[in-house]
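Keep the viewer open as you read.

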Amino acid sequence: MMRMGVIVLFLLTSAATGLHAEEQPIVDTLRGTPLTTQFSIFTSWGTAIYNRAHVGVQFTLGQPSVLTEIGAFVNNCHTISGGVPQCPETQPFTVHIHPAAGNGGPDLSTTLAVLVLSHDDDPLVVSYESVATHLRLKPGTYFAMFVPQGGDGGILLRSATQPFDYVAEVATISTVDPQTGTATLSRTPAAVRLLGLPLVSVVIDIKPRRFPNYVNRKAKALPVAVLTTATFDATTVDPTTVLFGASGVEAFAVRSSLKDVDGDGDTDLLLHFNLRETGLACTDTAAVLTGETFDGRTIEGTDTVKVQCQ
Ligand SMILES: [Ca+2]
Ligand SMILES: [Ca+2]
Ligand SMILES: [Ca+2]
């Protein structure tokens, strides 16, 4: 007689899976290096960053997204002479976000954000310096350019030997001379990480069930509904996180309620905004609503307006 072993499969379900929005790497060439690593500048090599050479990493978004963190192993100090740093008051690097231009490099005529990296204030070590952000971006190709402040300079880490041998993974890097606009594009090891979250597009209705959406600037309150659809449950939106206005960052809701606004049998979210706080101007033809769901997903919706200014 054969005895059959009993195999018990434990199906583990993680509360984190599918329930909580988690930042996902858009670019990650760190090769798993602990973010606390400090590489000695004397045994580190990298792409030079200075006022005639801004260095950036290319990234592509396949869906509307929120950029949540930009970081890199960088060091800045324009001169280290005989082992002694000659940069008494170094300022942190900044990061400029640009869309890609037709030639493949960054379009410097359009700056979507300027952010300031954290700063180790130690010219002799290369540290992971980063910034948290909440930048909403459409699908497309972009560059995060590392830009020095003043006459400073430094490196974006490529490789190091202390405290351990390290070579970053390859990223698509552009080096730009901001004075001439000359841009080069290369595949180069560079220790960079960009994190993001997919943006959930929602259907909103300004002045529910009315169209066109005439906005009388003399009115006090403006009602806006987030509609429940086959793919989105508006009751999952945390009303305290919602912002609405000309660009979607202006006004918090002064009150909110759950009701079937469009009469299709499911429950929608109805919000009221103080019109004066929305920043809507006579020339605006659309308004944007942004916010988060209770489980941390970022939402965005837009609707047309006709602002009456007479
Ligand atoms: Ca440093
Ligand atoms: Ca409407
Ligand atoms: Ca409904």
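This is a predicted model: local features need pLDDT of at least 70, side-chain atom pairs count only at pLDDT 80 or more; totals for chains, interfaces and linings use all residues.

Begin with the overall layout. The chain is divided into domain 1, residues 24-198, and domain 2, residues 202-308. The centres of domain 1 and domain 2 are 37 Å apart, taken over C-alpha atoms. The C-alpha atoms of the chain fill a box of roughly 90 × 75 × 35 Å along the principal axes. The radius of gyration is 24 Å, whereas a compact globule of 310 residues would have one near 19 Å. Of the 310 residues, 36% count as buried. Among contacts with a separation of 6 or more, 72% are between residues 24 or more positions apart.

Now find the open sheet of six strands, whose order is 9-8-11-4-14-15 with antiparallel pairing. Strand 9 (113-116) and strand 15 (183-189) are the edge strands, each pairing on one side only. On average, neighbouring strands of this sheet are turned by 30 degrees against each other, direction ignored.

Strand 8 (residues 94-99) pairs with strand 9 over four bridges in the antiparallel sense, and here Val95 stands opposite Leu115. Strand 8 is also joined to strand 11 (residues 140-147) by six bridges, again running antiparallel; Ile97 has Ala144 of strand 11 as its bridge partner. Further along the order, strand 4 (residues 54-61) and strand 14 (residues 170-176) pair antiparallel over four bridges, with Gly56 opposite Ser174.

Next, look at strand 16 (residues 192-201). How many of its ten residues are buried? Eight of them are, and the strand is mostly covered. Strand 1 (residues 24-28) is joined to strand 16 by four bridges and runs antiparallel to it, with Asp28 bridging to Arg193. Strand 5 (residues 65-76) also runs antiparallel to strand 16, through seven bridges, and Gly71 has Arg193 as its bridge partner. Strand 16 and strand 24 (residues 298-304), in contrast, run parallel and are joined by three bridges; Ser201 stands opposite Glu300 there.

What about the interior? In soluble globular proteins, nonpolar side chains tend to be buried together. The largest nonpolar core here has 71 residues, and Phe146 and Leu157 have the most contacts inside it. This core draws at least three residues from each of domain 1 and domain 2. Leaving aside neighbours within four places in sequence, Leu157 is in contact with Phe39, Ser44, Gly46, Phe73, Val74, Val126, Ala168 and Ala191.

Cys77 is found in the loop between strand 5 and strand 6 (80-81). Cys77 and Cys87 are ten residues apart along the chain, and their C-alpha atoms are separated by 5.5 Å. Not counting residues up to four places away in sequence, Cys77 touches Pro85, Cys87, Thr90, Pro123 and Gly154. Cys77 counts as partly exposed because it has 18 C-beta neighbours inside 10 Å, while a buried residue needs 20 or more.

Finally, turn to the backbone in the loops. Where does Pro163 sit? Pro163 is in the loop between strand 12 (154-160) and strand 13 (166-167), and the peptide bond from Gln162 to Pro163 is cis, with omega near 10 degrees. Another cis peptide bond joins Phe211 and Pro212, with omega about -5 degrees; Pro212 is in the loop between strand 17 (203-206) and strand 18 (214-216).

That loop between strand 17 and strand 18 also holds Lys207, a residue other than glycine with a positive phi, near 50 degrees. Lys207 has 17 C-beta neighbours inside 10 Å, so it counts as partly exposed. Asp121, in the loop between strand 9 and strand 10 (125-137), has a positive phi near 55 degrees. Is Asp121 buried or exposed? Asp121 is exposed, because 11 other C-beta atoms lie within 10 Å, and the exposed class covers 12 or fewer.

How values were computed:
Residues are numbered from 1 along each chain as its sequence is written. Chains are lettered from A and ligands numbered from 1 in the order in which they are written. Domain bounds come from an automatic or database domain assignment. Two strands pair if DSSP finds at least two bridges between them. Helices (H or I, at least four residues) and strands (E, at least two) are DSSP runs, numbered from the N terminus. Axes are lines fitted to C-alpha atoms, for helices over the stretch in contact, and angles run from 0 to 180 degrees between N-to-C directions. A nonpolar core is a set of buried Ala, Val, Leu, Ile, Met, Phe, Trp, Tyr and Cys residues joined through C-beta atoms within 7 Å. Two residues are in contact if their C-beta atoms, placed from the backbone, lie within 7 Å. The radius of gyration is taken over C-alpha atoms; the globule rule is 2.2 Å times the number of residues to the power 0.38.
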